Every structure is written in structure tokens, then in C-alpha cells.
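Work through the exercises below with the sequence and the model side by side. Each task is followed by a solution that goes step by step.

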Amino acid sequence: MHIMKIDPCALKDNPDDARRSKSSPQADALMLATIKAVGIIQPPVVSPETDGGNSFVIQAGHRRTRGAIAAGLDEIEVLVDDAAEDGGAMRSMVENIAREPLNPVDQWRAIERLVALAWSEEGIAAALSLPVRQIKKLRLLANVLPTMLDQMARGDMPDERQLRTIASASLDEQKQVWKAHKPKRNETTSWWSIANGLSKTRMYARDASFGEELAQAYGIAWVEDLFAPADEDSRYTTDVEAFLGAQQEWMTNNLPKGGIITEANGWNGPELPKKAERVYGKPKKSDHTAMYLDRDGKVQSVVYRMPEPKAATGKQSGDKAEEGSASLPTQRPDVTQKGQDMIGDFRTDALHEALGRAPIEDDTLMALLVIAFAGNNVRVDTGAGNSISFRNRIAPLAASLVDETGKLSFDMDGLRIAVRSILIEVLSCRRNMSNSGIVSRIAGDVVGADSFLPNMGTEDFLLCLSRQALEAACADTSVLPRNKVRETRAALVEHFKEASFVHASALFAPDANELADWKARNEIVEDRDEDAGDMEGSNDETKAGDTSPTAGPEAFLEAAE
């Protein structure tokens with residue numbers, strides 16, 4: 001190897017140079033300015049002609065040679081070296097990549113040349129410090145129509161997703177679509193239209209719930225998507241029918257007891273039975289599971305709850321009782337119906353007077369409150385999700401506080417359990433007829449229910465947030481808002497797999513204005529003598545029995561006297 005001076009016009013281009021497409025005008029202008037200012041710093045590498053000629057062939061430095069000619073240099077220094085065994089293929093590629101990145105088409109052509117010279121993909125990857133996956137990806141360009149490759153080599157490149165779609169299609173399909181969307185002279189290609197015309201629905205292995213056994217049974221052959229990120233399972237199939245069939249069979253084999261297989265509705269959610277209510281919180285034993293396939297072919301599972309069956313009305317029960325006793329002989333009871341009505345009134349008055357005046361211990365009051373909720377006249381639209389009625393749910397708790405003689409008999413632990421169960425049945429924040437309103441929010445804040453809220457950083461909940469709310473959720477995380485809402489949402493879902501997210505609107509503490517309004521509407525006011533004069537002509541009986549929210553606590557007790 002030695003240095004010599006030579007006229008740049010006497011050098012011959014290497015027909016196997018890795019760079020086939022023209023470099024950018026900006027890069028050529030920068031090199032020309034550099035050569036005019038300081039000359040050629042790194043001499044081009046040349047080798048003698050191997051076919052007996054007297055000239056020298058450029059192995060590395062084609063752009064520098066053209067720049068010297070453009071700068072009007074009569075002589076330049078070159079580094080003369082023997083030609084490599086592979087014709088300088090690897091040296092040419094490395095040299096070009098170091099000077100200015102080759103476009104994907106030139107890289108592919110250079111790789112194919114190296115493969116033809118017995119280079120392995122692993123060897124090429126090691127020499128270029130590239131992943132083997134990248135070499136395999138570039139070699140997929142062999143599946144692209146040659147006329148499309150020529151257009152790409154001019155710098156008119158599709159994006160990676162479009163290139164992946166094009167390379168996955170057959171040459172006949174590419175030829176038909178290219179004929180329809182071929183650009184006119186001096187126009188760029190509408191790669192989106194070409195990719196759209198060649199796109200096929202892909203069903204990914206990472207979305208499959210079934211295993212290899214079902215995949216083989218349905219004849220599914222996975223194809224690896226080399227353009228996908230290396231850290232994810234990119235295998236896919238275009239046999240949509242077989243994929244969905246395997247998913248359906250998996251759901252049938254893994255359906256929970258009492259569950260159903262349903263279809264997706266127009267909002268990509270499950271088509272639940274009529275009057276069913278989807279459960280987003282903690283499921284109960286009486287709840288049901290529905291499995292379905294979403295638009296991407298993924299198996300989704302949701303929990304739903306059916307409404308409680310309506311109890312038979314008193315009239316119907318009375319009719320049945322009359323039918324059953326029609327054949328019995330009539331006999332006058334000890335106390336007539338009217339007498340029973342009078343007894344009921346006497347008992348009620350006495351009970352209310354005792355509750356208002358008799359001394360009662362606190363634990364006894366708690367026990368009586370539990371028993372009162374088990375009464376026949378109590379109806380609560382519970383949000384606990386139990387299939388049995390509220391009264392039937394509470395009755396066993398009330399019975400556990402009473403002994404065989406009808407006396408209260410309990411320990412404090414049992415009483416606490418009963419009271420907690422009552423509160424669980426009564427208080428509800430569900431947005432239906434069981435909503436307890438602001439009182440459930442107050443109760444949740446008092447007992448610290450915020451710490452029991454689940455992770456809301458899921459796809460289902462984040463779909464309910466606006467762009468502004470999603471970007472606000474990124475504030476305390478390492479996630480940066482994306483240009484597209486769905487990308488921001490996907491990044492948050494991935495982030496909150498390892499963390500917990502609770503939206504501020506889900507916290508129990510009631511709004512200050514809402515709380516002040518509720519207290520004002522239910523404020524306890526004292527009865528005043530002057531108020532009686534302003535209500536002249538009003539119903540005295542109504543005033544005596546007034547137990548409205550604005551009446552004081554003593555009014556409730558006085559009403560029983």
C-alpha cells in the first residue's frame with residue numbers, strides 16, 4: 001500500500017460501488033466547499049485494474065473524486081491498495097455508511113452482493129455493527145417490485161409501516177397496485193395509497209389466547225414481522241377465519257360456570273343480556289361472566305349483574321292464602337281484624353314513646369338499628385350486588401342479635417359485623433336507583449375508602465377521559481403526551497401496569513359547594529313562638545306531627561307523645 005498523485009479524471013468508477021443512488025445536493029455542496037478550502041483530507045482508496053488495464057479503479061472515495069474534479073484540481077493524492085478478495089464489497093459499504101448513510105435500497109443491494117460472495121447474515125451484522133434482525137429486515141426488500149425499488153432509490157421512500165405492508169404482498173399484487181398508483185414525472189409516490197391497496201388484516205400471536213395445539217389444529221402458520229420492535233412477539237397470520245375459530249374454541253373450553261359467549265356491539269363492547277348491568281368494581285359470587293372477541297380478535301372478559309327478581313305483591317299473597325283456606329270451616333278469631341288494627345296502633349304509639357324517653361345504652365341502640373332494618377316496611381335499593389333481597393340479607397344478621405326468648409344477646413364483635421354489613425348494604429355510589437347520594441361520599445371519606453380504590457389506569461377507564469384529562473394524568477408520570485390521543489392512552493396503560501392511578505374525580509371527599517348546599521337544605525332549625533302566629537289557619541295536626549328535615553331532634557320525639 002502506497003500513496004501516489006494522479007489526475008482525478010483518470011480514475012475509473014467501481015461498477016460494484018455500494019452507493020447507487022445520488023447523495024443529497026446539500027451533502028455534495030458541503031464536500032465541494034471543504035475541498036476548495038482545505039483540499040482532500042482523506043485520500044481515496046484505489047486499486048489497479050484486474051483485467052490488464054493501466055488505470056486505477058476507485059474502491060472508496062467516489063464522491064471525493066467527483067468533488068475534486070468539480071473543484072478543478074489537476075492532481076490529488078490517492079492510496080493504492082490491492083483489490084480485496086470480495087472485490088471491495090464490504091470495504092465499499094463500510095466506507096459509504098461512515099461518510100453518509102446509505103438509503104435502505106442501496107444497503108439492501110450491498111448486502112445482497114455480500115451474500116452472493118458467501119458472507120453470512122451474522123458476519124455482515126458483526127462487520128457493520130448492526131443487529132442480525134436489521135440485516136434480515138433489509139433483505140425483505142428482495143420482495144419489493146423492482147420498479148418500486150428504483151423509485152425508492154431516488155429518495156422517495158415509504159415509511160416503515162408502509163414498506164412492511166408492501167414487502168408482505170406478492171409481486172403480482174404489487175404490480176397491479178403500482179400500475180394504478182404509479183406517480184407521474186417529478187411527483188412523489190402516494191405510498192399510503194399503495195400500502196392501503198396491499199394491506200391485509202393481520203391477527204397477531206400476542207393477541208391469541210389459544211396455544212400451539214389449537215393453532216396446529218386450525219392450520220395456523222405464524223409469520224414473523226421483522227419490521228416490528230424487537231422486544232415484542234411480532235408473529236402474525238392473515239388467515240383471519242382460522243384465528244377467530246381457534247379463539248372461539250378456546251373461549252368455549254375456558255368459559256366459567258354460568259358464563260356466556262356473546263358478540264361485540266357497535267362500541268366494541270360486549271352485547272350483554274337485556275337489563276344486565278356491567279360490573280366495573282369487585283365482582284360478587286352471584287355475578288356472571290361474558291366473554292367476547294373485540295375488533296382486533298382479542299378475547300375480552302367482563303362481569304355483569306342481573307337485577308333482583310321482584311317479590312310477589314301482598315295482594316297476590318293474600319289471594320293465594322284465601323284460595324288455600326277456602327275449604328276450611330270459618331271460625332271467629334279471638335280478636336277481629338279491626339281489633340288487630342287497634343293493637344297495631346297501640347303498640348306503635350307505645351314503642352315510639354319508649355324509644356323517645358326510655359334510657360337506652362349505646363350498644364343496645366346499635367343492635368336495635370340493625371333489627372329495624374330487617375323490618376317488613378323497609379325497602380332499600382342496595383348497591384352491594386347481592387341476588388337476594390335486602391330484607392332477606394339483613395334478617396339473619398338481626399336474628400343473630402336475639403336469643404330464643406326474644407331478648408338481645410350479642411357480643412360487641414358480632415354487633416360491629418352486623419352494623420358494618422348494614423352500612424355495606426345501604427350505602428352505594430352506583431349511578432342507578434341504588435345511589436345514596438352525598439351521604440355515601442361523606443361516609444367513604446370518613447372511613448378512608450380512597451385507599452381501597454382500584455387502579456384506574458386501564459384501557460376501559462382511560463377511554464372515558466378527554467385529551468385534556470389524559471394529558472393531565474401524565475403530569476406526575478414519566479409519560480409525555482403524544483400527538484395522538486390513542487398513543488398517549490396506550491403509553492399510560494403501559495405505565496400504570498407497574499403503578500396505580502386514581503382519577504381525582506373518583507375521590508370520595510364531596511365538593512365543598514355541594515356539601516354546603518346539602519347542609520343548608522337539611523339544616524335543623526328551632527321552632528319559635530312567633531312562627532306559630534305567622535302560620536294562623538294552618539293544620540294543627542300537621543304541626544304537631546311534623547318530622548320534616550327542618551324540624552329539630554326533639555320534634556321527632558314529641559311526635560311520638
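**Exercise 1.** Which residue with a positive phi follows H7?

Solution. The structure is a predicted model, in which local features need pLDDT of at least 70 and side-chain atom pairs count only at pLDDT 80 or more, while totals for chains, interfaces and linings use all residues. Residues are numbered from 1 along each chain as its sequence is written, and side-chain values use heavy atoms, with hydrogens and water left out. Helices (H or I, at least four residues) and strands (E, at least two) are DSSP runs, numbered from the N terminus. The residue that comes after H7 is Gly155, and its phi is positive, near 100°. Within helix H7, which covers residues 146-153, the buried residues are Met148, Leu149, Gln151, Met152 and Ala153, where buried means under 20% relative accessible area with a 1.4 Å probe and protein chains only, exposed means over 50%, and partly exposed lies in between.

**Exercise 2.** Describe the protein as a whole through its secondary structure, its burial and its contacts.

Solution. Begin with the elements: the protein has 25 helices and twelve strands. Next take burial, for which 32% of the 561 residues count as buried. Then turn to contacts (heavy atoms within 4.5 Å): of those with a separation of 6 or more, 69% are between residues 24 or more positions apart. Finally, the accessible surface, computed by the Shrake-Rupley method with a 1.4 Å probe, comes to about 36,200 Å², and 52% of this belongs to carbon and sulfur atoms.

**Exercise 3.** In what order do the strands of the five-stranded open sheet stand, and which helix lies across E2, E4 and E5?

Solution. Two strands pair if DSSP finds at least two bridges between them, and on this basis five strands form an open sheet with mixed pairing, in the order E1-E5-E3-E4-E2. Strand E1 (2-6) and strand E2 (11-12) are at the edges and have a single partner strand each, so one side of each has no neighbour in the sheet. Now follow E4, residues 56-60, which pairs with E2 in the parallel sense over two bridges, with Phe56 as the bridge partner of Leu11. Strand E3 (residues 45-48) pairs with E4 in the antiparallel sense over four bridges, and here Val45 has Ala60 as its bridge partner. Five of the five residues of E4 are buried, so this strand is largely enclosed by the rest of the structure. The helix asked for is H2 (residues 62-71), which lies across E2, E4 and strand E5 (76-80) and runs at about 120° to E4; such angles run from 0 to 180 degrees between N-to-C directions, with axes fitted to C-alpha atoms, for helices over the stretch in contact.

**Exercise 4.** Where are the edges of the four-stranded open sheet, and which helix packs on the sheet?

Solution. The four strands form an open sheet in the order E9-E11-E12-E10, again with mixed pairing. Its edges are strand E9 (260-261) and strand E10 (277-279), each having a single partner strand, so one side of each is left without a neighbour in the sheet. E9 runs parallel to strand E11 (residues 288-293), to which two bridges join it, and Ile260 stands opposite Ala290 in E11. The helix is H12, which touches E9, E11 and strand E12 (299-305), and its direction makes about 170° with that of E11.

**Exercise 5.** Which residues form one aromatic cluster with Phe210, and how are the rings placed?

Solution. Rings of Phe, Tyr and Trp (its six-membered ring) pair if their centres lie within 6.5 Å, and planes under 30 degrees apart count as stacked, over 60 as edge-to-face and the rest as tilted. By this rule there are six aromatic pairs. For Phe210 and Trp222 the ring centres are 6.4 Å apart and the planes are at 10°, so the pair is stacked. Both Phe210 and Trp222 are buried. For Trp222 and Phe243 the centres are 6.4 Å apart with the planes at 80°, so the pair is edge-to-face. Trp222 lies in the loop between H11 and E7 and Phe243 in helix H12 (residues 240-253), so this pair ties together parts that are 21 residues apart in sequence. Phe243 is buried too, at a relative accessible area of 0%. The cluster therefore consists of Phe210, Trp222 and Phe243.
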